[in-house]
Structure formats: structure tokens, C-alpha cells
Amino acid sequence: MPDTTLTSDRSHDEPSPGEYDDAAGYYTLGEPIADTKAPGGDIAERWQTRKFEARLVNPANRRKLSIIIVGTGLAGGAAAATLGEAGYHVKSFCYQDSPRRAHSIAAQGGINAAKNYKEDGDSVHRLFYDTVKGGDYRSRESNVYRLAEVSTNIIDQCVAQGVPFAREYGGLLDNRSFGGVQVSRTFYARGQTGQQLLIGAYQAMERQVKLGTVTEYTRHEMLEVIVVDGRARGIIARNMVTGEIETHLADVVVLASGGYGNVFYLSTNAMGSNVTAAWRAHRKGAYMANPCYTQIHPTCIPVSGDHQSKLTLMSESLRNDGRIWVPKKAEDCTKDPREIPEEDRDYYLERIYPSFGNLVPRDIASRQAKNMCDEGRGVGPMVGDFRRGVYLDFADAIARLGEDAVREKYDNLFDMYERITGDNPYEVPMRIYPAVHYVMGGLWVDYDLQSSIKGLFVTGEANFSDHGANRLGASALMQGLADGYFVLPHTIRDYLADGPFDPVAEDHPAVTEARAAVQDRIERFLAIKGNRSVDSFHRELGHIMWEYCGMERTAEGLRKAIDMIRELKREFWSDLKVLGTADSLNQSLEKAGRVADFIELGELMCIDALNRRESCGGHFRGESQTQDGEALRHDDEFAYVAAWEWAGDADSNEMGTPILHKEDLVYTAIEMKQRSYK
């Protein structure tokens, strides 16, 4: 079924969007904003135009300029390697003991690129269209087209670095499909694509370390951004081994610090993933855009009890060959799935979405899995009051291709599943259930990837710019490497062309103020001496977020969540217990700072979700759905980026009333339509 023009199916009794404001009283409306850096004209020419218009920095001046990059994942590692090779002085920071432990390593399934090697109708424009449509028409078209355009360069770059992409029998690079598309454009290295790509970026960065253009600072956590005369000029970082508070100054700062999915406590993210770098920048004036846009991944190993602190992702690539189903009858849910005959199985994605079947986008697959379980047809053990799982079955693929062929594609994923669950997926269907995975929201940036703070650039998952309300599978690695290798190096030079900049002394008032704020915050954590652990607060916050700001949100639930988070915050600052001291390795202290930021972020996420009374992508409002339960957008009211400004006292723990700046989304190359994958 083709896409149809967006229409609203509100009942006659329901008010039109302009007649209410669910979030009234929770925010202040600020001045509208716009992306002034994006060129006009033909969309296919905009990136070339911007690259030509961006001013140059000659090689002699590059040696006089310094750049701080926070994060060493694909976006940060690629940027450090590229900018170091260009001749700038780069300081690279990560909280892990090695850049190779950045969370990009966990990405499994693949990376998109519009190479059209399968000759199945792919193109830059189709990748652009699929990405905008997959994001439910809530992303900037200029940014998305640029992403699709540079995607073709990424594969060549990575092959030259030696990334071992899967190849066909004749030696050509292989592709597979991912959700939300009808072509094969995903390049992969079995189930280790993120790891292999990260090793490529890491090797390129280490070459620059050897040459002296890049300096690494491992086991360092950024705790504050230094803003001098309205420009980002450095960071305050804590040496996580010694506890020393360090000042690092530069001409420009780049945040490549990843997403904030761990606000939900249980997620597929590494336990150390956090929002502190971005949130500290937000408190200093960087707008936070669309924070409510979080992605629930449909293909995760189900939660098994309250003891868990992390969930395990199973690659979306499994949906190429696996068929998703639940029993048609609730009484069959306790049976061995191999004993349930074909006629008693409901392949619900194939039934509801015949054109895409099991390869619908992640938000749709996740929501339908929840619906099946809510109907009482979930499978697996009881967790709480219902069964949280659906089957992902490879019996047909094994019969069609043979076990050896399936093993060739997915062996490490199948092995991981068996080690965690004890079930052999070659013999028994996998059980999967949705889990928090990626975030589409992040710091607001313009076309140059510069935030609302001059000199503060943001790349990869830490910014909001490319995915709208839902990310298509295999596009995270694409954006990270696109930003690091091919976008930021061109756009940052326009800013650096004004350099060399006047040096900033370590005793500058802005520097000493930032350093004192970090020290005071640490001392306050240690001085509370309450009774509750950091983890207990984090778990409680995650429960609130999942229940009321998870797969489905309502105005009533979001208001309740805001009240609960505010009460949790008061208790956090009065009853937190942090063990140890500040002048040594102290993971309890590290977590305290991160959870404090998560609590504030959680409140803003709920306010953002409350303000947006429409359903789009991963943001599903119960009050806004079609008659058959699909997401219903309201373009007349909500076709904008929600860019939130911090309104609290920078030195206090009160968020104040956040200020909403709206950036209108304008489409010239495609038409906004109601998504349909049927």
C-alpha cells in the first residue's frame, strides 16, 4: 500500500491541537530559532555549496590551533584521526581505559550506504527518503540528504583501513536488509560490525598519536565545559584513577559522547554510558533538542527479573531470516514452541504489514510486540504480571538455506544468545522483547554541527540532527563515521578560520568558576551522608521513565512522572550515600554525578513528551493514534524541532522552568505523508 497524505482521525468531540497545551505551566515559550548555516537551492547541491563556502585554514595556522574531543567512539575517534591528520593539535578524552572500549563497539548488524551494489533500486535519494520517512518526518531534510550523500564514501574509507566486511563468493562486498527499507544497503562484518569499524577508526587515531598530533587522555571524565566570552574554550575533567580535577583548554570543543539511553536504567547501553558531558553543556547554554525521542529496539533478550542492570541486544539483522510470531491462543503460550502447529501461530508483522513484514521499522516492531504481550499472548517466563517475549524463529531459514549458511551469517549472535539464555536457537526459537536502545534527541546543532554555544560542536548520537523521531537500523554507525570523517572536518574549519584565538589563562575567572563548580558538586555528594545507594535512585528513576515515558506516553502518566521525578530528586539530594573519598578511584562518586544529571534529564524528557501531543516514530502518545492503533502525527501543530534552553541557576540543583525554542521543519524535496508499511 503506498503512503497516503496525512489526515487526522480525531473525533468531533476532541479538540484540535491548537486548543490545548498539555504542558502548560511546565515550560516557557521562547523565541523561534532557525538553522542559519544550511544553504538553500537544490538539495543535491547543498552540501557541496556549504563545503565551498566554508573558509579554509592554511596548514601553518592549523599547527597553531587546538581541539578538544570528548569521546572516542566512531564519531569521536574518526574526528580525532581526521583532524589530527589535517595538522591540528587534538586532545582526545574518554572515560574508558582504552578508546577501543567506546560503546560503538557494541553495534552488531551493519552500516548503511547508498552504493546500490545489489542493483535493486537503491540510490542516495532513496536512502534520504527512507531515512526521513523512517524518522516520521521529524528530521531536517538538508542534514539527512548530506548523510545519505557521504555514506558512499564511508565504505571506501573503511575498506582502505582493512575493515573485514562480509563478501560474496566472488569477493565482492555483501549487503543485507534492515528494517524500514526494501533494498539491501547494509554492509556488515557478521555480528561484529561496530567492533570492526571502531578498530579502523582507532588505528587511524593511533597513527596520529604516534605522529604527535593527537594526545590521548583515558580514564578521564568531563564534568564541565569552560565558556569564555560566550565561546567554548575547554573542559574540566576528573582523572578517574587519581581523583585529580584537571583543566584543559583549547580553541574549540567537540562533544562525541554518545546518547543518554541509560536514563531508563535498563537498556542495551554499556553501564558507563551517560549524559553528563552533554548535560553539563546544556546547563551552560547549549540547547537540548527533542529529548523525548528515544528508540525502543525490538530485538533484545527479554528481562528475566529485578536482579538485572543491563539488557542484551540481538542484532536487527536477525530479522532478515527470522520470522516473528506468537501463539494465536493464550493457552498455548506455555507450550514448547516446537509443539505449536503452523496454523496456530500468528506471524503478526507479516499479517499486519505485508509489504515489509518482519522488516518494518524498529518503533513499529516494538510497539506491536508490546501489543501482543498486552493481549496475553506473550511467551517465556512470567515477569511481574505478564510474559515479556515473542518468538524469533529461524526454522524456515535453516530449512531453506541449511544450518551452515545460517551459521555463516549469525554464528556469534547465536552463540551469545545461547550463553545468556541456555537455549540453542538452531533448535528452539529465540525469545525477544523490546528494550531501550538509541536516542534520537540530543544537543541542538546547526548544519555545521555547532551547538547554540559558539565553538562547541556536537557529533554522532550526542546531537539530534539526522534521525527525527526514529532511527532506521544500521544508521547509527553511518552517522557517527559521516560526522567524524566527512562532515565535521569541513564545517569546523569555517569556525577555526577566525583563529589563532587569544589564549585563555588557567586563572581566568571563567576557568576558576568552572573548576570551583566541579569541586563544590563533588564535595556536596560526599557530604550528604544519607542511607540510599546511587544505584537504588537510578533504578527507581528508570522504572518511572519506562512506565510513563517508555513505549507509550499519556498526558496523565507524564504529569505523574514529573511529580515522581521531582520528589525523587529531593530525596536524592537529602538521602544519597556516596562511599569513599574524592582523591582516589571512586565509582560511587562517578555514578552520583551521572545519576544527578539523569534525574534532571528525565524531567525534561517528560516535559518534552507532554508538550508534543502527537505520535511520531518512537514517541507514541496514547491520545494520538489512528483507528487501527498506528501513530498519528499532527503536522499542522508539531512539525518543529523542540530546542530546550536551561533556565535554572547554573550553580543550583533546580532546573527552573525550561524555555522552548521551536525550529520549524520545512520540506522542499519530499512531501510529508502518513507513514505506511502495509
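What follows is a short chat about helix packing and backbone angles.

Tutor: First, this is a predicted model, where local features need pLDDT of at least 70, side-chain atom pairs count only at pLDDT 80 or more, and totals for chains, interfaces and linings use all residues. Residues are numbered from 1 along each chain as its sequence is written, and side-chain values use heavy atoms, with hydrogens and water left out.

Student: At what angle do helix 1 and helix 5 pack?

Tutor: Two packed helices are described by the angle between their axes and the distance between the axes. Here, helix 1 (residues 46-53) and helix 5 (residues 141-161) pack at about 90°, with axes 9 Å apart. They are therefore roughly perpendicular (65 to 115 degrees). Axes are lines fitted to C-alpha atoms, for helices over the stretch in contact, and angles run from 0 to 180 degrees between N-to-C directions. Helices are DSSP runs (H or I, at least four residues), as are strands (E, at least two), numbered from the N terminus.

Student: Which residues in helix 1 meet helix 5?

Tutor: Arg46, Trp47 and Gln48 do, and their partners in helix 5 include Glu141 and Arg146 (contact means heavy atoms within 4.5 Å).

Student: And what about phi?

Tutor: Most residues other than glycine have a negative phi, and most peptide bonds are trans. Arg190, not a glycine, has a positive phi of about 50°, and Ala474 has one of about 70°.

Student: Is Ala474 buried or exposed?

Tutor: Buried, at 5% relative accessibility, whereas Arg190 is partly exposed at 33% (buried is under 20%, exposed over 50%, partly exposed in between, with a 1.4 Å probe and protein chains only).

Student: Which peptide bond is cis?

Tutor: The one from Gly499 to Pro500, with omega near -5°.

Technical notes: Angles under 35 degrees count as roughly parallel, over 145 as roughly antiparallel, 65 to 115 as roughly perpendicular and the rest as oblique.
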